[in-house]
Amino acid sequence: MGVTDAAHIPKQRGELLLDSAVRYAEERHWDVFPGTWLEAVEGRERCSCGADACASPGAHPARPDWSTQATGSAVGARRMWSKQPKASILLPTGRTFDALEVSESAGFLALARMERMELTLGPVTCTPDRRMFFFVLPGAAAKVPDLVRKLGWVPSSIDLATRGEGHFVAAPPTRVGGSGAVQWARKPTAANRWLPDAEELISALAYASGREAADARGRNA
């Protein structure tokens, strides 16, 4: 790989990924596991998995047994990222947290509504493909569809999904494809160590997602 090829990939500092992975395990007691990463190949960036049509370049599990590979040990995290410093940081859901997923536009609308309601929020990520993930207590994936129905929405009609057991989310500063890095919309802090229940956030998220869906239908009418 020459200098020209390397220049096509914005710098993704290995030590920053390692330090972040260790901090998530040590300070938040989150399980972490290393995923794929981006490589410069013939002047363009590709996922280390080698697939030309990779759906999530540089930000998906590198092994089928990733769920058993995940560790909540800071020592274990340091060991894994020392072996592959460029690996993405992936967090399994359904363990210490689940994640509620909405579009970026709906997510920021919901955030503003939650702040007006003075709700206690957990960490929130924003991804380069304009998705937002709200961290909530485990168990959300099983009950969110019923919660959405009780609010008067048909779950399949709005863009609101959950990540629970058997799934994962990418954590900052993981880069996804050539479009940028996952970022914190609400950083993990001492104040949000205790996560909210999905029931506390679902009203604002369903409202924002429903409004977005209605606006889309209006534009297409």
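# Close-up views of a predicted model

View A. Arg 130 is exposed, with a relative accessible area of 54%, where exposed stands for over 50% relative accessible area, buried for under 20% and partly exposed for values in between (1.4 Å probe, protein chains only). The structure is a predicted model, in which local features need a pLDDT of at least 70 and side-chain atom pairs count only at pLDDT 80 or more, while totals for chains, interfaces and linings use all residues. Residues are numbered from 1 along each chain as its sequence is written, and side-chain values use heavy atoms, with hydrogens and water left out.

**View B. Five aromatic residues, Tyr 24, Trp 30, Phe 97, Phe 135 and Trp 184, form one cluster.** A search of the whole structure finds 10 aromatic pairs, a pair being two rings of Phe, Tyr or Trp (its six-membered ring) with centres within 6.5 Å, counted as stacked if the planes are under 30 degrees apart, as edge-to-face if over 60, and otherwise as tilted. The rings of Tyr 24 and Trp 30 have centres 5.6 Å apart and planes at 40°, so this pair is tilted. Tyr 24 is buried, with a relative accessible area of 3%, and the value for Trp 30, also buried, is 3%. For Phe 97 and Phe 135 the ring centres are 4.3 Å apart and the planes lie at 5°, so the pair is stacked. Phe 97 is in the loop between strand S4 (89-92) and strand S5 (98-103), whereas Phe 135 is in strand S7 (residues 131-136), so the pair ties together parts that are 38 residues apart in sequence. Both Phe 97 and Phe 135 are buried.

**View C. An open sheet of 5 strands has the order S8-S5-S7-S6-S10.** Its pairing is antiparallel, and two strands are taken to pair if DSSP finds at least two bridges between them. The edge strands, each pairing on one side only, are strand S8 (160-163) and strand S10 (183-186). Direction ignored, neighbouring strands of this sheet are turned by 30° against each other on average. Strand S6 (residues 124-126) pairs with S7 over 3 bridges in the antiparallel sense, and Thr 125 has Phe 133 in S7 as its bridge partner. Helix H5 (residues 104-116) lies across S5, S6, S7 and S10, and runs at about 45° to S7; axes are lines fitted to C-alpha atoms, for helices over the stretch in contact (heavy atoms within 4.5 Å), and angles run from 0 to 180 degrees between N-to-C directions.

**View D. S2 and S3 form a hairpin.** Between these two strands there are 2 residues, and Glu 42 in the turn has a positive phi of about 50°. The strands pair in the antiparallel sense over 4 bridges, with Glu 39 standing opposite Arg 46 in S3.

**View E. Helix H6 (residues 140-150) has Ala 140, Val 144, Leu 147 and Val 148 as its buried residues.** Seen down the axis of H6, these buried residues fall within an arc of 95°, so they line one face of the helix; the arc is that of the directions from the helix axis to the C-beta atoms. On the other side of H6, Ala 142 and Lys 150 are exposed. Gly 152, which follows H6, has a positive phi near 95°.

**View F. His 60 lies in the loop between strand S3 (44-47) and helix H3 (66-69).** His 60 is buried, with a relative accessible area of 19%. Leaving aside residues up to four places away in sequence, His 60 touches Gly 35, Thr 36, Cys 47, Cys 49, Cys 54, Ser 88, Leu 90 and Phe 168.
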